[in-house]
Amino acid sequence: IWTADPVTLKEVTTDLEHYRKFDGLPNRSLYGQRLVGTESILSGNGLGWALKRKVMSQFFAKTNMEELFYACKPHMEGPELKRWKEVINNGKKIELHDQLAITFTSYLKVMGFHNFMNSEKIATNVFKILEALPKQLTSWFSYLCSDAKEETVKMIHEMRTEAKKAAMEIHRRKVMLNRKGESMTSLNMLGLLIEANNQNGHGKRRSVDETITYTIDDIMTVCLVMDNLVKQISSLFMLLNDEPECQRKMFAELRETSIDTFEGLNSLKYTEKCILECLRLRPVLTRGTRTYIFKKTEIGRFGGYMINEQGLRVVFSEYVLHHSPKYWVDPEKFDPERWYPGFVPEMFSYMPFFVGSRGCIGKHMAMMLMKLTLSVLARNFDMTQDFDPEKMPDFTQEFAVMRLINNVDMWVEPYQPQQGC
């Protein structure tokens with residue numbers, strides 16, 4: 001059943017007893033190679049998932065974002081900005097997605113992943129894996145027989161092997177700290193992932209091997225999800241290509257506003273409007289699915305309909321809702337000003353981070369990192385779209401996660417403030 005009805009979506013997103021994540025989605029495994037599994041913080045169901053989310057909420061809570069900001073800011077303004085300057089030199093045409101992918105995966109170093117693979121390797125692998133996922137659905141046989149399939153499986157194995165080493169090292173450190181009566185910082189995401197996977201949904205403690213295996217699933221999940229932020233900023237510059245005045249206004253705010261404090265970052269109101277509007281027009285997650293389960297003693301109901309089929313799949317589309325004239329004035333227009341102070345979209349008509357108890361646990365971190373990255377880049381570089389008119393960047397909805405088509409090319413050079421400004 002397909003639905004784009006907010007009332008029905010409220011039922012789908014709040015009734016966790018009857019609506020469960022679908023285990024058969026292609027990102028659970030890829031050609032027989034385990035990718036994120038079926039019990040990760042993204043793919044899990046039931047009490048085990050709820051307990052894991054409760055532990056991880058310590059890291060992703062809105063109240064923890066200020067401390068995380070002060071940890072990420074020197075990284076972005078230090079080694080990561082230095083890398084950008086070395087790439088740009090005096091001016092260079094770059095593919096924006098590629099460079100942003102390295103930037104956003106590099107933030108993981110601040111979050112306890114410093115013993116994992118280097119950022120460039122993660123970014124490359126994640127891009128290739130995400131490109132392979134739709135082929136598993138659309139050209140299964142031809143891809144199965146290709147060299148690209150072997151390369152992808154090898155890549156996943158390599159990432160999971162490196163993730164295991166990183167998880168084992170953090171597990172060893174946690175054991176040592178526990179013996180001393182100490183604990184890891186709340187900014188150590190990897191440490192919390194291990195803690196979150198220490199027990200199953202029945203409260204039974206897992207073995208070390210089981211804990212590490214499920215932690216690896218979550219490491220892979222985090223790496224794949226970070227690419228969503230890359231696509232979102234890339235999409236923003238694609239949209240701004242047709243709205244030069246919006247881009248000028250956003251860059252002016254980013255350059256005029258100091259982010260020496262967390263309050264300064266939160267004062268980037270116009271930039272936030274642009275991001276929110278981009279999330280509306282180009283949501284990374286274009287659609288979702290849930291499996292409807294009911295007991296034999298029950299009568300299945302979906303909205304106003306009687307259901308007699310166990311395991312019915314309910315499919316909904318964030319993209320359709322975000323573009324519906326029923327909920328948005330001039331829905332195809334990029335209009336940051338629609339997000340005026342006090343504006344609240346109709347419930348379930350806007351859900352780039354999904355909604356309800358299964359809403360994205362990392363939405364506050366996502367907004368913080370996107371604004372931080374844009375601020376540092378705008379204060380140091382002039383960035384101008386340099387798209388190939390014969391191959392304009394676009395996106396496809398063939399898969400539930402948005403995929404970019406063609407390069408998001410930008411001409412980037414050092415920013416030279418005008419005298420007196």
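1. How many bridges join S1 to strand S9, and do the two run parallel or antiparallel? In this predicted model, two bridges link S1 to strand S9, which spans residues 312-316, and the two run parallel. Within S9, Val 315 is the bridge partner of Trp 2.

2. These two strands belong to an open sheet of four, arranged in the order S1-S9-S6-S2 with mixed pairing. Strand S1 (2-3) and strand S2 (19-21) are at the edges with a single partner strand each, so one side of each has no neighbour in the sheet. Helix H1, made of residues 6-14, packs on this sheet and touches S1, S2, strand S6 (288-292) and S9, its direction making about 125 degrees with that of S9.

3. Another open sheet has three strands in the order S5-S13-S10, and its pairing is antiparallel. Here strand S5 (92-95) and strand S10 (381-385) take the edge positions, and because each has a single partner strand, one side of each is left without a neighbour in the sheet. From one strand to the next the twist averages 35 degrees. Five bridges join S10 to strand S13 (residues 409-414) in antiparallel fashion, and Asp 382 stands opposite Glu 413 in S13. Helix H3 (residues 65-88) packs on the sheet, where it touches S5, S10 and S13, and its direction makes about 120 degrees with that of S5.

4. The largest nonpolar core has 126 residues, and among those with the most contacts inside it are Phe 104, Met 189 and Leu 372. Helix H9, residues 208-240, gives the most to this core, contributing 16 residues. Beyond its neighbours within four places in sequence, Leu 372 is in contact with several residues, including Phe 69, Lys 73, Tyr 107 and Ile 259.

5. Lys 73, a contact of Leu 372, is buried at 11% relative accessible area, whereas Glu 77 is partly exposed at 29%. The two form a salt bridge whose closest N and O atoms are 2.9 Å apart, and both lie in helix H3, four residues apart, about one turn of the helix.

6. A search of the whole structure finds 22 salt bridges. One of them joins the side chains of Lys 121 and Glu 158, at 4.0 Å from N to O. Lys 121 lies in helix H5 (residues 119-138) and Glu 158 in helix H7 (residues 147-179), so this pair ties together parts that are 37 residues apart in sequence. By contrast, Arg 172 and Glu 169 both lie in helix H7, three residues apart, and their closest N and O atoms are 2.7 Å apart.

Note on methods:
Residues are numbered from 1 along each chain as its sequence is written. This is a predicted model: local features need pLDDT of at least 70, side-chain atom pairs count only at pLDDT 80 or more; totals for chains, interfaces and linings use all residues. Side-chain values use heavy atoms; hydrogens and water are left out. Two strands pair if DSSP finds at least two bridges between them. Contact means heavy atoms within 4.5 Å. Axes are lines fitted to C-alpha atoms, for helices over the stretch in contact, and angles run from 0 to 180 degrees between N-to-C directions. A nonpolar core is a set of buried Ala, Val, Leu, Ile, Met, Phe, Trp, Tyr and Cys residues joined through side-chain atoms within 4.5 Å. Buried means under 20% relative accessible area, exposed over 50%, partly exposed in between (1.4 Å probe, protein chains only).
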